[in-house]
Amino acid sequence: MTAEEKQYNLDNRYLRMARIWAENSYCLRRQVGALVVKDKMIISDGYNGTPSGFDNVCEDNEGVTYPYVLHAEANAITKLARSNNNSDGSTLYVTASPCIECAKLIIQAGIKRVVYAEKYRLEDGIDLLRKAGTEVIYMEQKKDYGTEEK
């Protein structure tokens with residue numbers, strides 16, 4: 001097995017794990033999970049949801065997401081700030097493409113690779129990551145959590 005095949009298999013597994021982690025989210029519109037991996041170790045995790053101390057309700061009665069709901073990537077990165085781990089050179093696995101605000105956090109955290117599963121209608125976050133020299137990989141997930149590279 002080549003180094004590229006091994007990396008593809010690792011990316012596939014961590015992305016499936018991020019999808020399972022997304023199930024922890026209380027958000028109704030969309031559940032998103034993220035894992036930060038460095039040296040083949042998960043050093044942080046996150047899912048979209050409300051800040052600590054808030055009720056686990058992400059949307060109002062009309063289904064609109066509250067503005068204070070944190071994205072999975074932001075939760076994973078801020079969790080790192082409270083740990084002894086360092087994200088320099090790490091990989092972020094996230095079930096949905098990062099928005100522009102999360103892209104800024106990813107860049108500042110020193111994350112060098114982003115592997116994501118679902119495309120979002122806006123590509124500005126992906127564009128910013130690429131502009132910063134971050135390696136960005138899209139892997140489409142199937143219903144059975146397998147992946148297809150596009």
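Aspartate 11 is buried in this predicted model, with a relative accessible area of 4%, a value under the 20% limit for a buried residue. Aspartate 11 sits in helix H1. Leaving out residues up to four places away in sequence, aspartate 11 touches Tyr93, Arg113, Val115, Ile137 and Met139.

Helix H1 covers residues 3-22. At 1.5 Å a residue, its 20 residues should span 28 Å, and the end C-alpha atoms are 29 Å apart, which agrees. Besides Asp11, the buried residues of H1 are Asn12, Tyr14, Leu15, Ala18, Arg19 and Ala22.

**Aromatic pairs**

The structure holds five aromatic pairs. Two of them are set out below.

| Pair | Centre to centre | Angle between planes | Class |
|---|---|---|---|
| Tyr14 and Tyr93 | 5.2 Å | 35 degrees | tilted |
| Tyr116 and Tyr138 | 5.3 Å | 40 degrees | tilted |

Tyrosine 14 belongs to helix H1 and tyrosine 93 to strand S3, so their pair ties together parts that are 79 residues apart in sequence. Tyrosine 14 is buried, with a relative accessible area of 10%, and tyrosine 93 counts as buried at 2% relative accessibility. The pair of tyrosine 116, in strand S4, and tyrosine 138, in strand S5, also links distant parts of the chain, 22 residues apart. Here too both residues are buried: tyrosine 116 at 3% relative accessibility, and tyrosine 138 with a relative accessible area of 15%. Elsewhere, Phe54, Tyr66 and Tyr68 form one aromatic cluster.

In soluble globular proteins, nonpolar side chains tend to be buried together. The largest nonpolar core in this model has 21 residues, and those with the most contacts inside it are Leu92, Val94, Ile106, Ile111 and Val114. Two or more residues each come from strand S1 (33-38), helix H2 (72-81), strand S3 (91-96), helix H3 (100-108), strand S4 (113-118), helix H4 (124-131) and strand S5 (135-141). H2 gives the largest share of this core, four residues. Apart from this core lies another, of 10 residues, among them Tyr14, Leu35, Val115 and Met139. Of these, Val115 and Met139 are also touched by aspartate 11.

Which residues is valine 114 in contact with, leaving aside its neighbours within four places in sequence? The contacts of valine 114 are Leu92, Val94, Pro98, Ile106, Leu129, Thr134, Glu135, Val136 and Ile137.

**Helix H4**

Which residues of H4 are buried? They are Gly125, Ile126 and Leu129. Seen down the axis of H4, these buried residues fall within an arc of 100 degrees, so they line one face of the helix. An α-helix has 3.6 residues a turn, so residues three or four places apart point the same way. Just after H4, glycine 133 takes a positive phi of about 90 degrees.

**Annotated span**

An unreviewed UniProt entry places the feature "domain: CMP/dCMP-type deaminase" at residues 9-129. In the model, the end C-alpha atoms of residues 9-129 lie 23 Å apart, and the span is 32% helix and 21% strand.

Notes:
Residues are numbered from 1 along each chain as its sequence is written. This is a predicted model: local features need pLDDT of at least 70, side-chain atom pairs count only at pLDDT 80 or more; totals for chains, interfaces and linings use all residues. Side-chain values use heavy atoms; hydrogens and water are left out. A nonpolar core is a set of buried Ala, Val, Leu, Ile, Met, Phe, Trp, Tyr and Cys residues joined through side-chain atoms within 4.5 Å. Buried means under 20% relative accessible area, exposed over 50%, partly exposed in between (1.4 Å probe, protein chains only). Contact means heavy atoms within 4.5 Å. The expected span of a helix is 1.5 Å times one less than its number of residues. The arc is that of the directions from the helix axis to the C-beta atoms. UniProt positions are given in the numbering used here, feature names are shortened, and annotations may be inferred rather than shown by experiment. Rings of Phe, Tyr and Trp (its six-membered ring) pair if their centres lie within 6.5 Å; planes under 30 degrees apart count as stacked, over 60 as edge-to-face and the rest as tilted.
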